Amino acid sequence: MPKRLSGAAYARPALLIPALLLLLRFSLILSPLSPWLRDDHQLASPLTSFTRLKEGIWFFQKGIDPYHGGVFRHSPLTLALFTLIPPIPLVSALLWTVADGIAAWCLAEIWRARIAPRGHDGRGVLLASLYLSKPYNFLPTVALSSSSLDNAFLLLALRFAALQQVSPSLILLAVLSFSSLPSILLLPPLVMILLAGPKPTVPLPKYSPKTALRIVAEFALYMVVLTGASRFVAGSWGWVLQTWGATVMLPDLTPNPGLWWYFFTEMFDQYRPFFLLTFSLHPLIYVAPMCLKFQHDPLFAFFLLQGIISTFKSYPTLSDAGLYISLLGIFPEIYSHFRHPLVTALLHLHAALLLPLFHYLWLDAGTGNANFFYASTLVFGLANGSTIVEALWAGLHSTIGEKEGWEVVQL
Amino acid sequence: MSSISRLKSFFKPSAGNDKHVARLQRRKRIYTSIGRVSPYLQLACYLIGILWIFAIPLTELGKGTYVDENALQPGQVSTYWDWAEVHAADRFLVVLEGMREANASHQERAAWLKTKFLELGISTDTQAYTFSTSFGEVHGVNTYAFHSSPRTSGAEAMIIAASWTSLTGDPNLRGVATVLALAGFLTRYTHWAKDLVFVISDGYQDGMEAFLSTYYGHEPKTLSVQPLTFDSEVVWTALSIDYPGHSFSHLGLFFEGLNGRLPNQDLFVCAQVIARWTGGVPVILHNTLDELRPDIPMPDWLQWSGAAGNWVWREIVNRRALKEWEYRAGNVAEQAGWMATGRASGVHGVFHQFRVDAITLFARPATGPHGFHSLGKLTESLLRTMNNLLERLHASFFFYLLSSPSTFLKIGSYLPCSVLIGVGCMIGGLRGYVDLGWERWYSQKANDTKWLKRPRRLMEGVGALSAVASVGAVAYLHASSRLFAPMLAATSPLPLLPVILTFSLLPPFIVLLRPDSKATAPLAPMVKTCLLFSLALLIAPLSMLNFPLSLFFALLAIPLSLINPSSGLLPFLLLALLNPAMLLLFQNGRDAIRIAVWDWQVLGAYALPLACLIWMPLVWVAQAVCIIQE
């Protein structure tokens, strides 16, 4: 196990920026801005909305099954957590701020684990500050969307994996898959990181199938235990359909920045099962190719898969894209190999302008209709897809390097 | 060589090579040709965009108006408004005219209106309000009355309103009398499925703004206002009645709201159909008569041209199609003017922000032939039509330009002109960005030139842009301060000269404060590239929100995007002429700015912040591009 790096290695004055950003979000969560943003479709999905969470807790405390009816779709683990710490403003503000702080810290830690033992420059703090200042991460936190907590779980799991701590990493991923089912697809690259470390390696590392199997078995054990715990908390099996089921069956067609909702609002019922199956299974096909192609750098495979999941998941929020863009910061070596970084950046800028604009025209001004917002989610999907393709190309290209007068034809 | 084989050889050069080499060569060729044509493509975008603007008034692009919502059925009811109601209105008018003569105070007027509503048996009250602006305080007293729907409880509401001041600036006495008579008349019937709310608002638009912001609970900080005693449901439709003259000849429809918002086109079309067929009143857009201009006689100094000149005069200058075009262009230009400046063309304009479809029925002052009889009749019929609504009017019928009372342009036929110019900016920006990444390197030894990659100064460019743009905040704070407001009353531009010079010349020099850089790439083209990207990002999305405004920025973008980096002081000074501060040089400009400041502080129309925070900074950045020396 590599030596853990102490926090004292950071330059002290630089830490002021993330601290200020955390303070800012803490105060904004307590401001009237937060209730105003809380039900925004771009920041909180039916699976992550704080309003629904509070409703579910209220039902639960009144002895009514919150999973009865279609309002509450948070995992029983989240339910248990918020029964212990009541969702009053001050506590929630603290919880979400701490979660974001942990997420940002984890991002810096992952970066340090990747470049160690080379000296640590200020980039860790920079990454953390960027994570905290990005509107895609910032606004969902202010809206108290539990997608920010999911991000924290994911980054924490990844951090433990990068530091080769098998059990904490697996437990966190298991917890995460209860609130965000598609994240379970991240298990293969996570296992690879646990086996080979967070750094790119030449020659290819030898993955021991036996150890891998042991890790997967451990993960399965956690899943079983947590499922049991959820059954115990919820008191019945109703939560399975309401949480995991919702991810695959899309019962709630509340708009979100993803690619599913509009497609299924327009669909005849007899085609629904087929397309639900197609949409749900589609992300699966990326797992094996990514893991095989990036055997030398499992962290990169993890990053790409996270991007694919955040683009194609059924109930995404902006914080999913925000996490993916933030993770890009861990791989500065690929930047010079981007093919069309500017086009991608401009696509993202356009999406960032069009999403709130068309959302406003449809649902506030009432002058537009659903097609407007759908069009902007397509631009957003295109921007996300283009970011993935860029990163994939650049990641493959960077392993070859550049040579004057030579061009890469195929990777 | 046939064109197809030429095309083939373009995509598949030098046969016999490795297929990968062929692919690379093909890609290179495509990239090179894109790079080569991009300046022309950019200019073509600009050119087509501008030509498209001139095409907007063409009859071929327009479409006849129609009613989209089947439930409305305009003009299908028997109306009951008759001479008895006209007589009632006349009696109200006598008192109102007496109050105008006696110079009655706001309170006296409101108290009298309240008594009248009470006599009619409708719940009523008055509401005093005060707006504090940098020009001083604006006081007024509104009177409002609520009549609950006899059919269903908790229904939606319709507002019938008249402001004390007409949009012509005269007192709207007959408008107020019409609303009072309507209140007495409409409440006698049981077919209303919506609550009826009658509002006599004080002032011009300020009274209605005060009433509506209280009604919807959105009081701005600058407003202190009495709460409402009565309350109704969500308002769907509102009609504002504006009748300043003695009689009227045409019914002018005003529909542009604050910040470029429009009511649903169905409301406009219903008003037009009903006025024409139920009221028998010809309908015009705004205050423009639907007449083509008379022939222009050929001037004497052109008489020498003989037959050719006559032909030009007959076939072009006095051609009917051209006159038609001019008439439509005038209508579109007036609508675009209201929308781009964000001003409301009547009292109806303050409704749209609360998602209420509203228009003003303007009785164009004339000696005849119409009066209370036709106005009341068509208002009754229009209210009956809107009463039919079971759901809100359809979305996406909110984007239109009206070229005449009976023709309009759909979004697809006008949107391309500003979007094309935005695309042109984007192409220019992309080309600038690509160019900045390369440097021609000349080796004397080998007598050979080579293209080398060089790092771009993107972050510095963005930094310079943000630094210059942030000065806009200073301009905004100054323009909305109590210091600036009295200066606008000046009749000569002299006292404003320091302000004009400061805000049109100084801010771009902020870029000279930048830290030294060892980078070889030039900074000025980078700033220009960033400017082009910001313009493209501004123009395209804005075209959906407020098309004329986006067109304004598109037209501004053309000179800004054609400047050469580091081109010195002359273009710098020429650009300064595009600065909104230049408006202060002219009396009309000062008036416009005074209205903009007032509209922003009272009604929340965003012309002032827009000019200070977007328009000015765009010009400054372009000026900065001129003066950055490498």
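**Close-up views of chains A and B**

**View 1. Contacts between chain A and chain B.** In this predicted model, 23 residues of chain A are in contact (heavy atoms within 4.5 Å) with 20 residues of chain B. Residues are numbered from 1 along each chain as its sequence is written, and chains are lettered from A in the order in which they are written. Local features need pLDDT of at least 70, side-chain atom pairs count only at pLDDT 80 or more, totals for chains, interfaces and linings use all residues, and side-chain values use heavy atoms, with hydrogens and water left out.

**View 2. Area buried between the chains.** The buried area (accessible area, 1.4 Å probe, lost on putting the two parts together, summed over both) is about 2000 Å², and carbon and sulfur atoms give 70% of it. Leu342(A), Thr367(A) and Val409(A) supply 27% of what chain A buries against chain B, more than any other three residues.

**View 3. Helix 19 on the side of chain A that touches chain B.** Helix 19 of chain A (residues 341-363) gives the largest share of this side, eleven residues; helices are DSSP runs of H or I with at least four residues, numbered from the N terminus. By class, this side of chain A has 13 nonpolar, seven polar and three charged residues.

View 4. An unreviewed UniProt entry lists "transmembrane region" for several spans of chain B, including residues 413-434 and 569-586. Residues 413-434 of chain B are 100% helix, with end C-alpha atoms 33 Å apart. Residues 569-586 of chain B are 44% helix and 0% strand (DSSP runs of E, at least two residues), with end C-alpha atoms 24 Å apart.

How values were computed:
Nonpolar A, V, L, I, M, F, W, Y, C, P; charged D, E, K, R; others polar. UniProt positions renumbered as here; feature names shortened; annotations may be inferred.
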